[in-house]
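This report looks at a metal site and at the pockets of one protein model. Please consult the sequence and the structure shown here before reading on.

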Amino acid sequence: MRCFEYSAKKIFKNEGIPVPESYVAKNPEEAEEAAAKLGKPVALKSQVLVGGRGKAGGIKFADSPEEAGKVAKELLGTEIKGEKVNKLLIEEKVNIQSEFYISVIMDRSAKKPVIMASTEGGMEIEEVAKKSPEKIVKYHINPLDEFLPYQAREIARKMGIPNDLISKMGTFILKLFNVFDKYDATIAEINPLVLTPEGLIAADAKFGVDDDALWRHNEFSDLEEAKKGEFAYVTLDGDIAVIGNGAGLTLVGMDMINLYGGKPATFLDIGGGASQESIARAITLVLSEPNVKVIFLNVLGGITRADDVANGVITVLNSADHKVPIVIRLTGTNEEEGQRILRDAGIPFEISMEEAAEKAVEICRSLS
Ligand code: GDP
Ligand code: MN
């Protein structure tokens, strides 16, 4: 799971890492409101999961709430390196005296986390790594040992920063490592970590968590990123949400929709052996996509059990206030039980994938 900057900063802040004050905005009005609440010049930062936003024009500044609204209108809906901007982080503009780089990543070949730190923070860190790697301090941590404050200060000293900053930088590095460790992260990066007249502050934040460890971090269950990360999930520009178990079957489901003249709105693979709860989350997830008019749930149970699928469907249909028709193809393991559950609940289903796909396309057509 990779986090947007605003989620990463929320997590960092909770762990005691100073970040600028900010609000998320989904439209120009919210951006204007946020700037008014901050009451000072702001940075408007596109929330996309690609790096190098600054260079790609994804970060702009505004001196007044009105200007923030105007700039937000320009940024929202544009694409940064192929990724659409749906949200902005409206942040107090920080007064930068100097920019540093600190990160912790998992060094897979060394089988250890490595801390990297440099005085050459900012948008050119990749260039620095290539042309003058000696300007980046690297420090491996033995995962079986505790990482201690004096070690963090040693890294700060090696960076070659002024003496009066060493202790503060050490504290920052220690906190970043602790976040990385606590949440089973694959990356925790601050670039730039900036020095302002008020002290050190994380002006940017990148955070990624090992998907195989998400189950033991309930802290993330509310994050938009975590909901998507549970499944292999891609949004497309059609209007029929395709959900299947297994990538192959999900792709075939999309082909069937296309064959009958429809257009898929999602590719969502719930994987093998999905539980009742994860089926319900998958359906809820596609329901949150504004373009979805019909859901095509295509299950050929192997490890996945048809009765779990049926119960998952019922959970959502009983709670959703959003009435989107769902066409279900349900066969495979425990199919008698799964089909009985649906029949008892009055929910129609198909056995044949072709018939189900055709029906989904017909329903969609009748709605538009
Ligand atoms: P990235 O390009 O995706 O890494 O986005 P960053 O958040 O790191 O921003 C890129 C650059 O924009 C930073 O290195 C800063 O130089 C500049 N920048 C970002 N936020 C601020 C801010 O609040 N104040 C000022 N003065 N510059 C900022
Ligand atoms: Mn950055």
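Which strands and which helix each supply at least two residues of the lining of the second largest pocket?

## Second largest pocket

In this predicted model, the elements that each supply at least two residues of that lining are strands E2 (42-46), E3 (59-62), E6 (88-92), E10 and E12, together with helix H4 (125-131). The pocket holds about 890 Å³ of space, and of the 37 residues that line it, Arg-53, Ile-59, Asn-191, Pro-192 and Asp-204 are the closest to its centre. By residue class, the lining of the second largest pocket divides into 16 nonpolar, 5 polar and 16 charged residues.

## Manganese site

The manganese ion (ligand 2) is coordinated at 2.1 to 2.2 Å by Asn-191, through O, and by Asp-204, through OD. Because Asn-191 belongs to strand E10 (185-196) while Asp-204 sits in the loop between strand E11 (199-202) and strand E12 (206-209), the pair ties together parts that are 13 residues apart in sequence. Asn-191 counts as buried, because its relative accessibility is 10%, and the cut-off for that class is under 20%.

## Largest pocket

The largest pocket contains about 1500 Å³ of space; it is lined by 42 residues, of which Glu-224, Lys-228, Tyr-233, Leu-285 and Glu-289 are the closest to its centre. Two or more lining residues come from each of strand E5 (83-84), helix H7 (224-229), strand E13 (232-235), strand E15 (264-269) and helix H9 (276-287), and H7 gives the most, with 6 residues.

The lining of the largest pocket comprises 15 nonpolar, 13 polar and 14 charged residues.

Notes
Residues numbered from 1 in each chain as written. Chains lettered and ligands numbered in written order. Predicted model: local features only at pLDDT ≥ 70, side-chain atom pairs only at ≥ 80, totals over all residues. Heavy atoms only, no water. Donors = N, O, S within 2.8 Å, 3.2 Å for Na, K, Ca; no water. Helix = DSSP H or I, 4+ residues; strand = E, 2+ residues; numbered from the N terminus. Buried < 20%, exposed > 50% of the residue type's maximum accessible area, 1.4 Å probe, protein only. 1 Å grid on protein atoms, 1.4 Å probe; cavity = no way out; pocket = protein on both sides within 12 Å on 5 of 7 lines; lining within 4 Å. Points joined across faces, edges and corners; volume = space filled by probe spheres on them. Nonpolar A, V, L, I, M, F, W, Y, C, P; charged D, E, K, R; others polar.
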